[in-house]
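Here are some working notes on the model. Please read them with the coordinates open.

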Amino acid sequence: MRVVAFEPNPQLLPELRARCGYSFRWSLVPTALGSVPGIATLHIRQAHGLSSLDDDWQDGNRPIPVVSRCHVPVVTLDAAIASFGVPFFCKIDVEGWELEVLTGLTQAIPLVSFEFHLLDKDIRKTSACLQRLVDLGMGHVNIIPGEGTALYYPKWVALGDFAKQFPAGIKKSLPGDPQNLYGDILVKMLDPVAN
């Protein structure tokens, strides 16, 4: 298995290289992903994992102050695929920039994962991400709530149905306060039998 990691935050690159650079199956690309190639402003927060190209991104209901900014290069997923090939799995963890990343993709990938939040301001963006994947011909969806590791639904759900019922369907399925619900949505390519 080969891993290609895209990380735009220059403050994290030395640690990533120290932790993972020994593996010949791991490549680090010091850029962000977005809808078009170019240069963008990275809004760096004290907790680096919450840094984002989205200047208005917040973790749940709490805004996270920006401690610095820097300009970073941006490439599209299409360009990444042209350089490295079609991945089997693409995990998108970009703190509010998911739609921009998916807009830079024009072909289906076997398996895509991106973060969702059930706050009103995030629902439109997540719905647009789901529609983007429907338009690319992706077929089935499942979710991993919160910081979990297990799929929530026992069987994969048709993506079109899930997208039409989002967010009402997911709010009914998941226990707890919808304002605190988040997790990952996994979408896979259409296959003859969903399981």
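Helices (H or I, at least four residues) and strands (E, at least two) are DSSP runs, numbered from the N terminus. The model is predicted, so local features need pLDDT of at least 70 and side-chain atom pairs count only at pLDDT 80 or more, whereas totals for chains, interfaces and linings use all residues. Residues are numbered from 1 along each chain as its sequence is written, and side-chain values use heavy atoms, with hydrogens and water left out.

1. Overall form. The protein has 6 helices and 12 strands. Its radius of gyration is 17 Å, close to the 16 Å that the globule rule gives for 195 residues, so the protein is as compact as a globular protein of that length. The radius is taken over C-alpha atoms, and the rule is 2.2 Å times the number of residues to the power 0.38. Along the principal axes, the C-alpha atoms fill a box of roughly 40 × 40 × 30 Å.

2. Contact means heavy atoms within 4.5 Å. Among contacts between residues at least 6 apart in sequence, 64% join residues at least 24 apart. The accessible surface is about 10400 Å², and 57% of that surface belongs to carbon and sulfur atoms; areas come from the Shrake-Rupley method with a 1.4 Å probe, and for residues only the protein chains shown count as cover. The mean positions of the 17 positive and 20 negative charges are 4 Å apart. Lys and Arg count as positive and Asp and Glu as negative, with His and the chain ends not counted. Each charge is placed at NZ of Lys, CZ of Arg, CG of Asp or CD of Glu.

3. Buried means under 20% relative accessible area, exposed over 50%, and partly exposed in between (1.4 Å probe, protein chains only). Of the 195 residues, 43% count as buried. In soluble globular proteins, nonpolar side chains tend to be buried together. A nonpolar core here is a set of buried Ala, Val, Leu, Ile, Met, Phe, Trp, Tyr and Cys residues joined through side-chain atoms within 4.5 Å. The largest one has 32 residues, and F114, F162, I170 and I185 have the most contacts inside it. Elements giving two or more residues to this core include α2 (77–84), α3 (98–103), β9 (111–117), β10 (138–145) and β12 (182–189). The largest share, 4 residues, comes from α4.

4. Which residues does I185 touch, not counting residues up to four places away in sequence? The list is V112, S113, F114, F116, T126, L130, V141, N142, I143 and F162.

5. S113. This residue is in strand β9 and is buried, with a relative accessible area of 4%. Beyond four places in sequence, S113 touches F89, C90, K91, I92, D184, I185 and L186.

6. Backbone points to check. The peptide bond from F166 to P167 is cis, with omega near 5°; P167 is in the loop between α5 and α6 (168–173). E95 is not a glycine, yet has a positive phi of about 45°. E95 lies in the loop between β8 and α3. Is E95 buried or exposed? E95 is buried, at 7% relative accessible area.

7. P37. The loop between β3 (32–33) and β4 (38–45) holds P37, which is exposed, with a relative accessible area of 63%. Leaving aside neighbours within four places in sequence, P37 is in contact with V74, V75 and T76. P37 and A79 are 42 residues apart in sequence and 8.6 Å apart in space, C-alpha to C-alpha.

8. A5. Strand β1 (residues 3–6) contains A5, which is partly exposed at 22% relative accessible area. With neighbours within four places in sequence set aside, A5 is in contact with W26, S27, L28 and V29. The C-alpha atoms of A5 and P110 are separated by 18 Å, and these residues are 105 apart along the chain.

9. G21. G21 lies in the loop between α1 (13–20) and β2 (26–29) and counts as partly exposed, at 40% relative accessibility. Neighbours within four places in sequence aside, G21 is in contact with L16 and W26.
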